[in-house]
Amino acid sequence: MIEEIPDNLYKVLTIQNIIEEADDFKSFVFQDDHKITYLPGQFLTLVHQTGVDEIRRSYSITSSPAWNEPLSIGVKRVANGIFSRKLIDTARIGDFILCTGAGGFFRLPEDMSPISTIFFFAAGSGIAPVFSLIKTVLKTYPVIQIFLIYSNQSPQAAVFHDQLQKLERQYEKKFRAHFLFSSMADLRRARLNRELMLEFLAIHQFEKDRTLFYTCGPAAYMRMIIYLLREQGFPSDQIKKEDFNPRHAAFPKAIPPDTVTHLVSFEVNGHTHQFKVNYPDTILRAALKEKIALPYSCETGKCGSCAARCLKGEVWLSYNEVLTEKDLLQGLTLTCVGHPVHGDVVLQIVSS
Ligand code: FES
C-alpha cells in the first residue's frame with residue numbers, strides 16, 4: 001500500500017494474511033507484531049500518504065495478546081471510505097502498511113480483582129474490539145462471567161459468529177452469547193430495545209457493583225444502552241463505549257477561557273520539543289505545523305489516540321468523549337482538542 005517507506009515517524013507492518021470474515025469485512029493479520037505493543041480493546045491507527053498530505057484511520061485490533069495470536073485488525077468496507085475501500089478492495093498479502101501504533105481507552109481496568117461479570121453489547125462491526133476483550137478475559141480471568149449481546153442483520157453478516165459459538169462451547173460455564181438478527185421472524189428479538197435489554201439484565205444473575213458494561217456500535221445504539229444503564233443506577237465508570245466511526249460526528253466548538261498564546265514543552269520519544277500554540281490552533285495542530293510527529297486519528301476528542309500526560313500547567317479541552325474523570329485527575333489530556341490556558345504547559349506522550 002505504500003510506495004516508499006518514510007523515516008522513523010511510523011511503524012511499517014507487513015500483511016501476512018487476509019481473511020474474509022463476512023460480506024465487506026476482512027481481518028488483516030500482520031507478521032511484524034513485535035513492533036506494536038497493545039492492550040485488548042485498543043485500535044491501530046493506519047496512515048496513507050497521498051503525496052500531498054496523509055489520511056489516518058483507526059481500526060480495532062481483533063487479536064488477543066493472551067492467546068499469543070499474531071496482531072490482527074478488523075476492517076469494514078465503508079461505501080465512501082477511501083481508506084477502508086483501499087484495504088478491502090486492493091490490499092494483498094505481502095503489502096506494507098504504515099501505522100503510528102496502538103491506542104484507545106476501550107480496554108480492561110488495570111485492577112480486575114473487583115470484577116465478577118462483564119456484559120458486552122456489540123452491533124455489526126462493533127464486535128471487533130469486543131472480540132479481543134472477550135478472548136482475553138476468558139483466558140486470563142477464569143472467575144469472571146461474560147455475557148455478550150450481539151446484533152446483526154443475519155447470521156451470515158455476523159462477524160466472528162462461528163468463533164464466538166466455538167468459544168461459548170469451550171467456556172460454557174463462563175460465556176453466554178445472545179445473537180440478535182434483524183432478519184428474525186420473532187420481531188421481539190430482532191433488534192435490541194429497552195424491553196429486551198431489561199430482560200437480558202433480569203435473566204442473568206450478577207452483582208451490580210462488580211459488573212462492567214462495554215458497548216460498541218452505531219451512536220444511537222450505544223446511546224440507548226448507556227441511557228438505560230444509567231437509569232438502572234449503574235455509574236458511568238462501570239460503562240465503556242467505543243465510537244468506531246468518530247469522524248462522522250459533528251459537535252459545536254467551544255471557545256477556551258483563555259485564547260492567549262502559550263508555550264508548550266512536549267516530551268516525545270525522549271526528545272523535548274518546544275512550540276507556541278496560537279488560538280485557534282489546538283496543541284496537536286500547532287505541533288504538526290512544526291513538523292513534530294504526534295499520534296492522532298479522529299481529531300474530534302473521541303478516540304484517545306492523541307492522549308498525553310500533562311506534567312505542568314493546564315490544558316482546556318473543547319470536547320472529550322474518551323477520558324473519564326479519573327483519567328483527567330491523573331493528568332491525562334487530549335492534544336487534538338486541547339488548548340493551553342492560564343500559562344505554559346509541559347506534556348508527555350502516553351500512547352505506545
Ligand atoms: S485524535 Fe482522537 S481523541 Fe484526539
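How many bridges join β12 to strand β16? Keep that in mind while we walk through the model.

Before you select anything, note that residues are numbered from 1 along each chain as its sequence is written. The model is predicted: local features need pLDDT of at least 70, side-chain atom pairs count only at pLDDT 80 or more, and totals for chains, interfaces and linings use all residues.

Start by colouring domain 1 (11-103), domain 2 (117-244) and domain 3 (262-349); these bounds come from an automatic or database domain assignment. The C-alpha centres of domains 2 and 3 are 33 Å apart.

Next, show the open, parallel sheet of five strands, ordered β9-β8-β7-β10-β11. Strands are DSSP runs of E with at least two residues, helices runs of H or I with at least four, both numbered from the N terminus, and strands pair if DSSP finds at least two bridges between them. β9 (175-181) and β11 (239-242) are the edges, each with a single partner strand, so one side of each has no neighbour in the sheet.

Now zoom in on β7 (117-123) and β8 (145-152), parallel strands joined by seven bridges. Select F120 and you will find its bridge partner, L148, in β8.

Move on to domain 3 (262-349). Here β12 (262-268) and β13 (271-277) run antiparallel, with seven bridges; E267 sits opposite T272 of β13. Two residues lie between the strands of this hairpin, and N269 takes a positive phi near 50 degrees.

Finally, back to our opening question: four bridges join β12 to β16 (338-349), and the two run parallel. Select V264 to see V345 of β16 opposite.
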